[in-house]
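User: I'm new to reading pockets and ligands in a protein. Could you walk me through one?

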Amino acid sequence: MAHPDPEAFIRTHTALERPALVPELALWLAAEYLPIWQATEDWLEKNNVDPPYWAFCWPGGQAVARYLLDNPAAVAGKTVIDFAAGGGVATLAAMKAGARQGVGNDIDPMALAAIRLNAEANDVTVTTDGSDWLAGPAASPEAGIVIAGDVCYEREMTARAMTWLRGHAAAGRLVLLGDPGRNYFKAERLEEVARYQIPTSLQLENRGLRETTVWRVLA
Ligand SMILES: C[S@@+](CC[C@H](N)C(=O)[O-])C[C@H]1O[C@@H](n2cnc3c(N)ncnc32)[C@H](O)[C@@H]1O
């Protein structure tokens with residue numbers, strides 16, 4: 001369920017900031033972890049909605065974004081679909097790098113509102129899609145490239161997402177996954193394409209830097 005006025009909520013509880021690894025982009029981000037959680041707590045509890053993942057720029061998404069900005073040939077003229085896009089950092093980077101179309105997907109309607117606000121702040125056009133892409137490879141839009149950042153933090157989601165990503169790889173698409181070594185990540189049938197040290201919030205990650213890898217997912 002979305003907040004009754006997602007855009008007003010986002011503008012009130014976040015500020016436009018530039019992620020450490022991707023200063024080319026300005027995103028609506030929560031500077032501190034606690035205030036936004038507290039601000040939303042009552043409403044979240046009452047409506048049983050997810051925590052505001054969209055208010056943070058996770059290392060996995062930042063790494064994919066950095067890679068695309070530095071390697072525009074990977075996306076130039078192509079349709080890029082971003083699974084579990086959160087605030088859409090990698091979708092936006094794909095557009096800045098010259099993609100023909102960027103589609104940001106998330107099951108949280110607040111994330112879709114954040115992606116739209118972030119696109120506006122960076123003067124790019126993106127498409128948002130709240131449907132369940134994990135229903136199968138045919139459930140997602142046509143794509144030239146498939147990207148995902150930081151999706152290996154829950155057991156079931158990781159298993160389903162990896163199966164879905166490998167389905168796209170089997171169909172011959174370039175599939176990129178950014179991951180900082182989350183709990184359920186396994187470095188199997190993957191090829192490293194880039195590695196970054198990403199400054200992170202101590203409150204969120206319990207450390208000041210996260211080494212994060214962009215992997216090419218193999219079938
Ligand atoms: C840790 S955040 C990563 C967001 C973004 N990729 C980044 O790196 O900043 C994970 C996101 O996955 C979304 N999510 C969880 N399960 C999903 C699903 N089955 N389909 C689409 N999005 C999902 C959450 O709503 C959340 O926005």
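User: By class, how many nonpolar, polar and charged residues does the lining of the second largest pocket have?

Analyst: A quick note to start: this is a predicted model, where local features need pLDDT of at least 70, side-chain atom pairs count only at pLDDT 80 or more, and totals for chains, interfaces and linings use all residues. Residues are numbered from 1 along each chain as its sequence is written, and side-chain values use heavy atoms, with hydrogens and water left out. Ala, Val, Leu, Ile, Met, Phe, Trp, Tyr, Cys and Pro count as nonpolar, Asp, Glu, Lys and Arg as charged, and the others, Gly among them, as polar. Here that gives 12 nonpolar, 3 polar and 3 charged residues.

User: And what makes something a pocket?

Analyst: Picture a 1 Å grid over the protein atoms alone: a pocket is an open set of points where a 1.4 Å probe fits, with protein on both sides within 12 Å along at least five of seven lines, and lining residues have an atom within 4 Å of a point. The second largest pocket holds about 340 Å³ of space. Its lining has 18 residues, and Leu29, Cys57, Gln62, Pro199 and Ser201 are the closest to its centre.

User: How much space lies in the largest pocket?

Analyst: About 810 Å³. There, 42 residues form the lining, with Tyr53, Ala84, Asp150, Tyr153 and Met157 closest to the centre. By class, the lining splits into 21 nonpolar, 10 polar and 11 charged residues.

User: Which residues are the closest to the ligand?

Analyst: We call a residue near if one of its heavy atoms lies within 4 Å. The ligand has 16 residues around it, with Trp58, Gly61, Ala84, Asp106 and Gly149 the closest. This shell has 9 nonpolar, 4 polar and 3 charged residues.

User: Which backbone atoms lie 2.9 Å from a nitrogen atom of the ligand?

Analyst: Look for N or O pairs within 3.5 Å, called polar contacts. A backbone N or O atom of Ala84 is 2.9 Å from a ligand nitrogen, and Gly149 also has a backbone N or O atom 2.9 Å from a nitrogen of the ligand.

Key:
Polar contact = N/O pair within 3.5 Å; in protein donor to acceptor, adjacent residues only side chain to side chain. Points joined across faces, edges and corners; volume = space filled by probe spheres on them.
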